[in-house]
Each structure stands twice: as C-alpha cells, then as structure tokens.
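Thanks for coming, everyone. Let me put today's protein up on the screen, and then we'll walk through it.

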Amino acid sequence: MSAVEAFDAVDLIRTKRDRGELTTDQIGWLVDAYTRGYVADEQMSAMTMAIFLNGMTRREIRDMTMAMIASGERMDFSALGKPTTDKHSTGGVGDKITLPLMPLVASFGVAVPQLSGRGLGHTGGTLDKLESIPGWRAELSNEEMFAQLRDVGGVICAAGAGLAPADKKLYALRDITGTVEAIPLIASSIMSKKIAEGTGALVLDVKFGSGAFLQDIERSRELARTMVELGEDAGVATSALLTNMNVPLGLTIGNANEVRESVEVLAGGGPADIRELTVALAREMLELAGVADADVEAALDDGRAMDTWRASIRAQGGDPDAPLPVAKEQHVVIADRDGVLVRQEALPFGIGAWRLGAGRARKEDPVQHAAGIDLHAKPGDVVRAGQPLFTLHADEPARFARALEAVEGAWEIGDAGSAVQDGGPLIAERIGR
Ligand code: URA
C-alpha cells in the first residue's frame, strides 16, 4: 500500500494558476513527487506553464532550487584542502571560453570542477567540442574527478546521473512544452546543479543579444540577479558578468575549430574578444576564491595555463598533440565588394554551423566534430572584393545550401565610414558583491 501523499498536485496547480504562492513544503513535495513519478508529466506541464505566466517569489525560487538539489547527490570537495571555483555560461555562438578558462584558473592552485553539457540546437556544448580531441573521455566517476582535481587542479567532465535528477526530468519537459524561458525555472535549474556540484565560488556569464538564450538585457539582468542571490543564500560566493552575444565570439563556430582557437588563446594569442572574456572571468573566479590581484594574462603568455590544459587532456585519455579532425568539404564565401564588414549576426551563424553538422537536433544524434564555420573578418574590419569572409566546413557537401540559407542577410559590407553593428562593449555589467 502506498503512503498517503501530503498534497494534491491539482490544488497546487490551481494556486499557481490563480497567482498564489506555494509554501516550502508544497514545493518540496511537488519536486519530489514529480521525480518519483507520482506527479504526472501533464500536471507538471501545467505547473511549469503557470510558473512561466505568473512567476515565483524569491522564496519560492529558493525552495525550488533546494528541492531540486535534494532530489540527488551533493558533491563535496572539501577534502582537497584548496578552494574551489567554477563558471557557468548561459550559452552562445562560438562560446568556447570554458576550454582556456579552466586550465588558466587551475594554474593558480584553485580547484576547478567544471561539470559541462552537450549542445542542443544552435548553442554548442563544451563536451562536444572536447570530444573532437582523439581519445578524450567526458564521463568520469566521482573518484576520478576528485583525483584529477587533486593532481591536475581542474577537470571538465559530464555531470553524473545522480546530480539534480529532478532538473534532468523537468528540463526535458520544459523543452517540449514551451516553458524553457521562465526566469524562476532557468535560475533554479542552473543553480541547483552548480550548488549540488559543491563549488565554493561561482561566476555566471549571463549572455544577452541576438545569439543568447534571453535576447533582452533587462531579462538577462533579472536572471543574473536571481542566480547571484540563490548562490549567496546557499553559501556559494557568486557573481555574474552580463556579456554581449550579438556577434559570434571569436573566429570559430563548431567543435574541433573551437578547440584549435582555445589552444591559440592558451598559447598567449587568439582573438581579442576570447582573450578579454577569458581573462575577465578568470579574475572573477580567482577573486571569489580568495586569490586577489592574480596576473592571469602572464599565465596565458608564459605557458602555465597551457601546461595545465595538456595535463588535463592527458588525464582524461586525450592526446593534446594529436591532429584535430578536418572536414571533407569546404565552401568559402568571399566579399563581393571593397568596404567594411558592418554586420555579422550571432544567431544565424550559430544556426548555420548547426546545419553543417556541428550541433544536434535530437539528444541522441552524434555531432560531426570537424563541421562548423571559420570567420575571416569581424564587424569593423576593412575587406577587399574577392577576400574570403568565412569558410563553411562539412563532411557532406549537401549541407552547404541550408547553412548558406541560414546566414543569408546576416552579414553586410558597407562603405568605408558606415556605422558598424552596435555590439556594445563585450562585458556590459557586473552583478554581485
Ligand atoms: N541551462 C540549464 O541548465 N537550465 C536551464 O533552464 C536553461 C539553461
């Protein structure tokens, strides 16, 4: 005989539908009962839509986050005897910052447990990018993760099934019910995983602009504030940078090409925007972890970050010297006139790379590691007729037409002196203590 349930899901749905507030016990029960399958998907769909439409108070969002943490295991790295710090990005086009950032921060003796995901749709996934390195393995046991943090200082790996299982189920449901973009649900989803991961400090890279999850800076700011409060309430030193995602980050969008660009940054070079954001996030992560005034640029330039990168790739079975995959086919788009590149929209280029095979449409699809787009110019650059503007890479030439369709009208060459797409500063604001 089953135990008597504490609440009735329909009562709770009605409360939220009518703009009421759920109690801590009601939220705890709802998340637990949904995770164990007592509350049905149809009921949780109605609830997530009511939350999407009517919002949640700060206390409700905190209760939701804590209930999702309680649905699974909570990791603990205190036995390492050193501070831990992590970063989360809400995702964007060409966003490979985790790759140079983890070894950079770890090279200062702070442990970086970076649990990452795979891409879905036009935003790429860190694990997909790293899997283009021959032999590299994303799945680690908790013991392997701990050993790598102790011996190398940093790890990027897949989150185990035991971490916030309520979120895994809820996120899949939101994905098919048009309820992903609700700030209380995004904030509790992200922060439950980061708090359960056991990091002592956390920096959030919250994107806004055409290639971001939330386009509008006001909504990104609200999301950032909500997440910073959740982190601080849970005892995790948290801050956020609001960063611009109107233009692709760096010069590569894909998987293997993004690894190549990350290695350039670790060698002290790479595109200016990737270096700027990597350095700013590293400083934040180190300050929150108690390392003030670290010369992070020196660690990129003198090879310390590169040494940690190589050690971390080797620790996960990868060969940092192995050639990265190269696509079978290329299609180059050239400038049809002299002038200045005045526009390059992030979202269409992200969709274009996805259509070339760099991303997946369904969770179970494989990605093609060599597929993607290399950009040869950025907004503001002077271009000459006949000069390559970007190169598409794919294993199947049949993919080029749909990718070209995606980027059609997403870039523009203007006369010298024309106004350039207003991307604004890369780092618009900092939120936190
Ligand atoms: N990333 C997450 O982990 N959860 C969300 O809800 C949105 C983005």
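Which residues surround the ligand? They are Y171, R174, I186, S189, I190, K193 and F213.

Before the details, the ground rules. This is a predicted model, where local features need pLDDT of at least 70, side-chain atom pairs count only at pLDDT 80 or more, and totals for chains, interfaces and linings use all residues. Residues are numbered from 1 along each chain as its sequence is written, and side-chain values use heavy atoms, with hydrogens and water left out.

Back to the ligand. R174 has a polar side-chain atom 2.9 Å from a ligand oxygen. For K193, a side-chain N or O atom sits 2.4 Å from an oxygen atom of the ligand. S189 faces a nitrogen instead: its polar side-chain atom lies 2.6 Å from that ligand atom.

Now the domains. Domain 1 covers 78-160 + 194-322, and domain 2 covers 329-414. Those bounds come from an automatic or database domain assignment. Taken over C-alpha atoms, the two centres are 25 Å apart. The contact takes 25 residues from domain 1 and 26 residues from domain 2, with contact meaning heavy atoms within 4.5 Å.

How much area do the two domains bury between them? About 1800 Å², and 58% of it is on carbon and sulfur atoms. That is the accessible area (1.4 Å probe) lost by two parts on being put together, summed over both.

Next, the polar side of this interface. Domain 1 and domain 2 share 13 residue pairs in polar contact, both residues at pLDDT 80 or more. A polar contact is a pair of N or O atoms within 3.5 Å; within protein, one must be able to donate a hydrogen and the other to accept it, and sequence neighbours count only if both atoms are side-chain atoms.

There are also two salt bridges between the domains. The term needs a side-chain nitrogen of Lys or Arg within 4 Å of a carboxyl oxygen of Asp or Glu. R360 forms a salt bridge with D128, and their closest N and O atoms are 2.9 Å apart.

Leaving out residues up to four places away in sequence, S210 touches Q215, M245, N246, E345, A346 and L347.

Technical notes:
Near = heavy atom within 4 Å.
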